[in-house]
Amino acid sequence: MSKESKIYKNSPKKVHIRTFGCQMNEYDSEVIKTNLLQRGYLFTEESEEADVILVNGCSVREHAEERLWRNLENLRRLREEKPELIFGVLGCIAQNHKENIFKRFPFVNLVCGPHNLPEIFNHIENLNSRTRILAVDEEERDLENFHLTSTPGVEGGSPRRGYVLIMSGCNNFCSYCVVPYLRGREKSRRMESILEEVRMLVESGHEEITLLGQNVNSYRLQATGCKLQAKNNKNDFVELLREVNKIDGVEKISFATSHPKDASEELFKAMRDLPKVDKYLHLPFQSGSNRILKLMRRGYTREDYLGQIKKLKEILPQCKISTDVIVGFPGEREEDFQETKELMEEVKFDNAYIFKYSPRPGTAAARLRDDVPLEIKKERNQVLLELQKRIARRKNVKM
């Protein structure tokens with residue numbers, strides 16, 4: 001019997017997977033799905049029909065974690081109804097909480113962090129409802145061993161977006177963020193592998209491609225051994241955009257996320273000149289106060305950020321801009337909050353994702369006193385949400 005047919009015979013028939021978090025988690029779930037499909041598994045949208053239930057979650061924000069915990073708690077009853085059911089918790093949340101997940105949810109069989117996802121297929125094969133596997137190694141794996149191997153067709157022939165991971169990890173170590181600790185340092189994929197994956201998505205009927213990375217502007221050709229080199233390392237991502245833009249069948253290219261200290265004039269010009277690249281930029285500023293930005297270890301000032309926005313609007317006036325904002329960071333005074341509010345009023349973002357600060361274990365900011373009362377955080381959050389609504393309304397009226 002061949003290895004492939006053995007896997008098919010011994011594998012549980014149906015898998016149900018749920019994702020809680022960012023686009024990176026969505027991509028990981030899609031990779032897991034396509035690889036399991038090739039190994040003979042089936043997928044179901046109904047958890048009651050599943051033989052294996054996987055929940056994949058982000059640990060960057062407390063809200064995403066709490067949603068996953070609640071969902072897992074609701075699934076607990078299924079183990080009583082189906083004693084042979086296998087449960088797995090995947091992603092950053094697994095890396096962050098490790099064996100504590102087994103203590104909190106004794107019915108979970110697999111806890112698998114981002115670095116171990118390439119081995120998840122073997123882990124599932126070796127599991128039953130009475131065994132446990134903890135796979136949360138710190139050592140990073142080769143990105144080329146974990147990517148899309150096939151994609152579902154486009155239902156009804158309508159356009160569909162496909163995600164392609166171009167790099168993982170982060171070197172910035174912002175004081176509030178757990179990503180460098182959970183996903184490791186920056187590691188870029190080979191350009192040839194990325195382009196091959198894009199072509200595969202196009203052949204499957206996808207017309208829109210989103211390139212993913214914690215900071216796409218940190219993509220480095222040199223780190224991948226690619227012969228094609230930009231004159232400036234900061235332009236390597238621009239070179240990648242140019243190559244994806246050449247692929248027939250790609251109608252639209254977007255990317256997430258950019259860091260203000262690395263977004264370059266060359267990137268803005270590429271967005272202007274490459275016809276397939278979406279005229280949209282997500283550029284988180286997090287705080288309008290230089291004092292808070294320094295505490296956050298963001299690596300730029302308020303003036304730097306506004307300078308980038310000015311340059312972008314000069315080069316690409318029609319570009320839509322969105323951002324992330326954190327209110328209630330430790331030490332944030334009323335004057336700091338007002339500077340954030342003023343920056344939003346000045347830039348007039350098309351969209352803004354506004355979050356109340358919550359300490360993430362293991363980060364530098366977690367050692368600071370969380371001294372902004374929750375009621376103040378809620379109030380500031382609401383003020384910025386209302387401000388963004390007014391800005392959006394004014395823009396819509398003009399259109």
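Predicted model: local features only at pLDDT ≥ 70, side-chain atom pairs only at ≥ 80, totals over all residues.
Which strands does α3 lie across?

1. Helix α3 lies across β1, β3 and β4, and its direction is at about 170 degrees to β3. Helix α2, made of residues 23-38, lies across β1, β2, β3 and β4. Its angle to β1 is also given as about 170 degrees.

2. **The sheet itself.** Now look at the strands under discussion. They belong to an open sheet of 6 strands, in the order β2-β1-β3-β4-β5-β6, and the pairing is parallel. At the edges you will find β2 and β6, each of which pairs on one side only. Between β1 and β2 the parallel pairing runs over 2 bridges. If you want a place to start, find V15, whose bridge partner in β2 is F43.

3. The structure holds 27 salt bridges. One of them joins the side chains of E49 and K14, with 3.9 Å from N to O. K14 is in strand β1 and E49 is in the loop between β2 and β3, so this pair ties together parts that are 35 residues apart in sequence. E49 is partly exposed, at 41% relative accessible area, and K14 is partly exposed too, at 31%.

4. **A salt bridge from helix to loop.** R77 and E48 also meet through their side chains, at 3.1 Å from N to O. Because R77 sits in helix α3 and E48 in the loop between β2 and β3, the pair links parts 29 residues apart in sequence. Both residues are partly exposed: R77 has a relative accessible area of 39%, and E48 has 39%.

5. **A salt bridge between two loops.** The side chains of R130 and E84 form a salt bridge of 3.4 Å, N to O. R130 lies in the loop between α6 and β6, while E84 lies in the loop between α3 and β4, so parts 46 residues apart in sequence are tied together. R130 and E84 are both exposed.

6. How many disulfides does a search of the whole structure find? The count is 0. Take C112 as an example: the closest cysteine sulfur, in C92, is 12 Å from its own sulfur, which is too far for a bond. C112 is buried, with a relative accessible area of 0%. C319 is buried as well, at 9%.

7. H123 is placed in helix α6. Is H123 buried or exposed? Its relative accessibility is 16%, so H123 counts as buried. Leaving aside residues up to four places away in sequence, H123 touches L110, C112, I133 and A135.

8. **Helix α12 and its cover.** This helix covers residues 302-315, and its 14 residues should span 20 Å; the end C-alpha atoms are 20 Å apart, which agrees. Its buried residues are R302, Y305, L306, Q308, I309, L312 and I315. As you read those numbers, keep one idea in mind: an α-helix has 3.6 residues a turn, so residues three or four places apart point the same way. The cover over the buried residues of α12 includes α10, β12, α11, β13 and α13.

Notes:
Residues numbered from 1 in each chain as written. Heavy atoms only, no water. Disulfide = S-S within 2.5 Å. Buried < 20%, exposed > 50% of the residue type's maximum accessible area, 1.4 Å probe, protein only. Salt bridge = Lys/Arg side-chain N within 4 Å of Asp/Glu carboxyl O. Helix = DSSP H or I, 4+ residues; strand = E, 2+ residues; numbered from the N terminus. Contact = heavy atoms within 4.5 Å. Expected span 1.5 Å × (residues − 1). Pairing = 2+ DSSP bridges. Axes fitted to C-alpha atoms, helices over the stretch in contact; angles between N-to-C directions.
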